[in-house]
2 protein chains.
Amino acid sequence: MRAGRRNCVAPDHNGEDMTYRKIVGFGVAMTALLLNAAAAGGAGNPVAIAIHGGAGVIDRVQMTADRERAYREALAAALDAGYSILESGGSSVDAVTAAVRTMEDDPLFNAGKGAVLNHEGAAELDAALMDGNGPRAGAVAGVRHVKNPIELARLVMERSPHVMLVGEGAEEFALEQQVVLVPNSYFRTERRRLDLEREIQEERNQQKPTPVTGTGTVGAVALDRAGNLAAATSTGGLTNKRHGRVGDSPIIGSGTYANNESCAVSATGQGEFFIRSVVAYDICALVNYRHLSLDAAVHEVIQVKLKRLGGEGGVIAIDHAGRISLDFNSEGMFRGARDSHGRREISIWRDNP
Amino acid sequence: MRAGRRNCVAPDHNGEDMTYRKIVGFGVAMTALLLNAAAAGGAGNPVAIAIHGGAGVIDRVQMTADRERAYREALAAALDAGYSILESGGSSVDAVTAAVRTMEDDPLFNAGKGAVLNHEGAAELDAALMDGNGPRAGAVAGVRHVKNPIELARLVMERSPHVMLVGEGAEEFALEQQVVLVPNSYFRTERRRLDLEREIQEERNQQKPTPVTGTGTVGAVALDRAGNLAAATSTGGLTNKRHGRVGDSPIIGSGTYANNESCAVSATGQGEFFIRSVVAYDICALVNYRHLSLDAAVHEVIQVKLKRLGGEGGVIAIDHAGRISLDFNSEGMFRGARDSHGRREISIWRDNP
């Protein structure tokens, strides 16, 4: 459409009646603009995005001013990467992919580069993406050589008949799709190596593991101009996890869910609790079946049901009107929200955003 | 308790007052019986179990009388294996494990021995178990050397802090738990080799794959005397599937779900549709949040929502009162149901059970 519009307003030097051509050209351009707007659901429709960079114990003592600034800047970069796509009429699927990819590439977060290490010292990555239009979904688990697992999850959704691929099979698919593989060492950072070392030492001494500052899955949810919702989540899982352990992030319904008829959710926290509670879908079911507001549904699942079972973590959620809910029952959750009504915020703790 | 009871009524030849001993012995025996009954939630409480051996196109022409009889006998064996556990006061988790293990060991079904083969000719198995009491859950995916994947899923639930283990990591856990591994050839049968050969040939000729008679996941749901629900599912997935593809069976919420507060469900069908629709949890959510009867909830999900998306398959479901729902939108579903009100049935097609 944009190409067509450019052609219509391009100068014409072939000697015909320029006034007539210009009028027709203007008409065609306007039609193209209107069609563009219609296809995007109207430029006046709200757009919104929320992101998280993990929930858990985020120790204020360990969190120096420099470190806090770095997290806030990284969250802002991911938030704005997603929002700029929505603002220019792009899809919610593109927006959540961009936001998550930005955090995967940043070693501060436990996804992609900088992911936590499993018991054997390897990074083992999981990711999922769901398009509320359809709905369609793609997920990968246990991949070790895919730079951006969220992009592989998207390829599973768009170019395979399957929803979920795991391990070597997922990487074979990546190679077929001409995704360039990277060595596992690409993901591993000194900080995560020390985290693992400490946790193995504590395990040997039968100590309770020290909570690790800043671990945590990344995720994004968005509403685009066309009214489509999407959710994406990516993670390295748990430090010192058993080889082959899959948490809630790549489980459609638990860590990731989107449906235009209800809402889109991305979760972060103690994955096993989130799987057993089918957290992401449960929030949408409460909206859809019990007609709770998004805030009330999120509160019910995170502050009541999950807490009762002893599960810690949080979610970001968005509904068809662009209402955003960010809630967690842990000490903090790295998070951000931005919408077309002018909201733009980055927060870490509950009391002091 | 049973051992204690046997001791109490055993003959006593040591010369003490036998009448007195007998009275005390009788009292102890009765107490043991009553405690047994109390532990099991009362002998009068209903128990019930339902099983499936896969849904899909079950061609009546291909299905000879001998073959049909073999399926009915195999289903009855699995049903009764589970029911006898419930009848003697055993747990629903034990009952669904026994029913599914029986079908895993029978090459007629697409689970354990006789599982369908992936594109490379290997059996790649998935299973999940959920205990509605807790709830707790365990799942494995992409295992190639575990004779009874349902038992490994149960070990994940009972002896690991995780819910889901996949691939090699799951098999490492199996070895740690002293599960004896079998060569992949144990699972492979001539019938499944021919199925794969035909499907690869059809793929080469770009033909639509011929539906394969009798493929399909196995599963069981049960209610025990103590009022606990459980669900279990096990599968070899799809013939000619891509290495690493995971369907709905091991996904908690999609192919398998149980919660004492609502219901227990095991699904079978086109896994990708079941994942996107979070089928098993959706049925329980409709029961819990919209107060639909179990039958109405199953109908809504299988006959309305899943059909609208083009998804084919079925579920077995059970609620806290022992009500059973068996429904499918495909040509048939191998299935059975038995309860303490005297119901005992095995069915394949809709019109001619």
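**Entry 1. Aromatic rings**

I started at Phe187(A), which is buried with a relative accessible area of 0%. I am working on a predicted model throughout. Phe187(A) forms an edge-to-face aromatic pair with Tyr186(A). I noted 5.1 Å centre to centre and 80° between the planes. Then I looked up the chain B counterparts. The ring centres of Tyr186(B) and Phe187(B) lie 5.1 Å apart with planes at 80°, so I logged that pair as edge-to-face. Tyr186(B) and Phe187(B) are both buried.

How many aromatic pairs are there over all chains? I count nine. One aromatic cluster draws on both chains: Tyr257(A), Tyr281(A), Tyr257(B) and Tyr281(B).

I also checked charges over rings. The charged end of Arg276(A) sits over the ring of Phe273(A), 4.8 Å from the centre. In chain B, Arg276(B) lies over the face of Phe273(B), and I noted 4.9 Å to the ring centre.

**Entry 2. Chain A overall**

The chain has 353 residues, and 58% of them count as buried. I then took the chain A contacts with a separation of 6 or more. Residues 24 or more positions apart account for 68% of these.

**Entry 3. The four-stranded sheet of chain A**

I traced an open sheet of four strands in chain A, in the order E8-E9-E10-E11. The pairing is antiparallel.

Gly269(A) stands opposite Gly313(A) of E10(A).

Two helices lie across this sheet. Helix H9 (residues 279-289) of chain A lies across E8, E9 and E10, at about 145° to E9(A). Helix H10 (residues 294-309) of chain A lies across E9, E10 and E11, at about 15° to E11(A).

**Entry 4. The nine-stranded sheet**

Next I walked through an open sheet of nine strands with mixed pairing. I wrote its order as E7(A)-E4(B)-E3(B)-E2(B)-E6(B)-E5(B)-E1(B)-E12(B)-E13(B). Which strands are at its edges? They are E7 (245-246) of chain A and E13 (344-349) of chain B, each pairing on one side only.

Strand E12 (residues 332-339) of chain B runs antiparallel to E13(B), and five bridges join them. Arg335(B) faces Ser347(B) as its opposite in E13(B). Arg335(A) has Ser347(A) as its bridge partner. E12(A) and E13(A) form a hairpin with four residues between them. Gly342(A) in the turn has a positive phi of about 100°.

**Entry 5. Helix H4 of chain B**

Helix H4 (residues 92-104) of chain B has 13 residues. From first C-alpha to last it reaches 18 Å, close to the 18 Å expected at 1.5 Å a residue. Ten of those 13 residues are buried, so H4(B) is largely enclosed by the rest of the structure. Among the buried ones I listed Val93(B), Val96(B), Val100(B), Met103(B) and Glu104(B).

What do the buried residues of H4(B) pack against? I found strands E1 (48-56), E2 (125-131), E5 (218-223) and E6 (229-235), with helices H3 (65-87) and H5 (149-159), in chain B. H4(B) lies across E1, E2, E5 and E6 of chain B, at about 160° to E5(B). H5(B) lies across E2, E3 (136-143), E4 (164-166) and E6 of chain B, at about 135° to E3(B).

**Entry 6. Backbone exceptions**

Most residues other than glycine have a negative phi, and most peptide bonds are trans. I searched for departures.

The Gly134(A) to Pro135(A) peptide bond is cis, with omega near -15°. Pro135(A) sits in the loop between E2 (125-131) and E3 (136-143) of chain A. In chain B, the bond from Gly134(B) to Pro135(B) is cis, with omega near -15°. Pro135(B) lies in the loop between E2 and E3 of chain B.

Gln178(A) has a positive phi, near 60°. I placed Gln178(A) in the loop between H6 (167-176) and H7 (190-204) of chain A. Is Gln178(A) buried or exposed? Gln178(A) is exposed, with a relative accessible area of 70%.

His291(B) is not a glycine, yet its phi is positive at about 55°. I found His291(B) in the loop between H9 (279-289) and H10 (294-309) of chain B. His291(B) is exposed, with a relative accessible area of 65%.

Notes. Residues numbered from 1 in each chain as written. Chains lettered and ligands numbered in written order. Predicted model: local features only at pLDDT ≥ 70, side-chain atom pairs only at ≥ 80, totals over all residues. Heavy atoms only, no water. Pairing = 2+ DSSP bridges. Contact = heavy atoms within 4.5 Å. Axes fitted to C-alpha atoms, helices over the stretch in contact; angles between N-to-C directions. Phe/Tyr/Trp six-rings, centres within 6.5 Å; stacked < 30°, edge-to-face > 60°. Buried < 20%, exposed > 50% of the residue type's maximum accessible area, 1.4 Å probe, protein only. Lys NZ or Arg CZ within 6 Å of the ring centre and 35° of its normal. Expected span 1.5 Å × (residues − 1).
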